[in-house]
Amino acid sequence: PELYEAATRPWAEALPVKQVGWVLAILNRQAEMDRLMYEDAHCMLVPDTKWDRTDVSSLYALALAKDRSLRSVRDLRGAHAQVLRELRDGVVA
């Protein structure tokens, strides 16, 4: 946790919008809406851009948190457990 707070978090927070603009465009519903697999009040699920849209065995999906304070999986806390359960239940349904 100390290394994350000292090195990784500051690095992630310093990323220029140019590098994370594609994530913001999805969250702002300005891009990838034709590829949107799931959405609820807390997150959006889109397929990885490398997926060919045919071979399900090669599908990788990206879950994007709408909470902009969540920059990494390491930012998740126990308070997010319900959100993660809702994501799991919504995707599996």
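The model is a predicted one, so local features were kept only at pLDDT of at least 70 and side-chain atom pairs only at pLDDT 80 or more, while totals for chains, interfaces and linings take in all residues. Residues are numbered from 1 along each chain as its sequence is written, and side-chain values rest on heavy atoms, with hydrogens and water left out.

Start with the overall layout. The chain comes to 3 helices and 3 strands, where helices are DSSP runs of H or I with at least four residues and strands are runs of E with at least two, both numbered from the N terminus. Read along the sequence, these elements follow the pattern α-α-β-β-β-α. The C-alpha trace spans about 40 × 30 × 25 Å along its principal axes. Of the 93 residues, 23% count as buried; here buried means under 20% relative accessible area, exposed means over 50%, and partly exposed is anything in between, using a 1.4 Å probe and protein chains only.

Helix α1 has a kink to look at. Its 13 residues reach 18 Å from the first C-alpha to the last, close to the 18 Å expected at 1.5 Å a residue; the expected span is 1.5 Å times one less than the number of residues. Even so, α1 bends by about 35 degrees at Thr-8, and Pro-10 follows within four residues. The bend is the angle between axes fitted to the seven residues ending at a position and the seven starting there.

The largest nonpolar core is made up of 6 residues: Val-23, Ile-26, Leu-27, Met-44, Val-46 and Leu-64. A nonpolar core here is a set of buried Ala, Val, Leu, Ile, Met, Phe, Trp, Tyr and Cys residues joined through side-chain atoms within 4.5 Å. Both α2 and β2 (43-47) supply at least two residues of this core, and the largest share, 3 residues, comes from α2. The C-alpha atoms of Val-46 and Ala-61 are 15 residues apart along the chain but separated by 5.5 Å.

Then there is the largest pocket, with a volume of about 690 Å³. On a 1 Å grid over the protein atoms alone, a pocket is an open set of points where a 1.4 Å probe fits, with protein on both sides within 12 Å along at least five of seven lines, and lining residues have an atom within 4 Å of a point. Grid points are joined across faces, edges and corners, and the volume is the space filled by probe spheres set on the points. Of the 25 lining residues, Ala-65, Asp-67, Leu-70, Arg-71 and Ser-72 are the closest to the pocket centre. At least two lining residues come from each of α1 (2-14), α2 (17-27), β3 (61-65) and α3 (81-92), and α2 gives the largest share, 5 residues. By class, the lining has 18 nonpolar, 3 polar and 4 charged residues, with Ala, Val, Leu, Ile, Met, Phe, Trp, Tyr, Cys and Pro taken as nonpolar, Asp, Glu, Lys and Arg as charged, and the others, Gly among them, as polar. Leu-70 lies in the loop between β3 and α3 and is buried, since its relative accessible area is 19%. Its C-alpha atom is separated by 16 Å from that of Arg-85, 15 residues apart along the chain.

Most residues other than glycine have a negative phi. Glu-32, in the loop between α2 and β1 (38-39), has a positive phi near 65 degrees and is partly exposed at 28% relative accessibility. Arg-53, in the loop between β2 and β3, also has a positive phi, near 70 degrees, and is partly exposed with a relative accessible area of 43%. Tyr-60 lies in the loop between β2 and β3 too, and counts as exposed because its relative accessible area is 61%. The C-alpha atoms of Tyr-60 and Pro-47, 13 residues apart along the chain, are separated by 5.9 Å.
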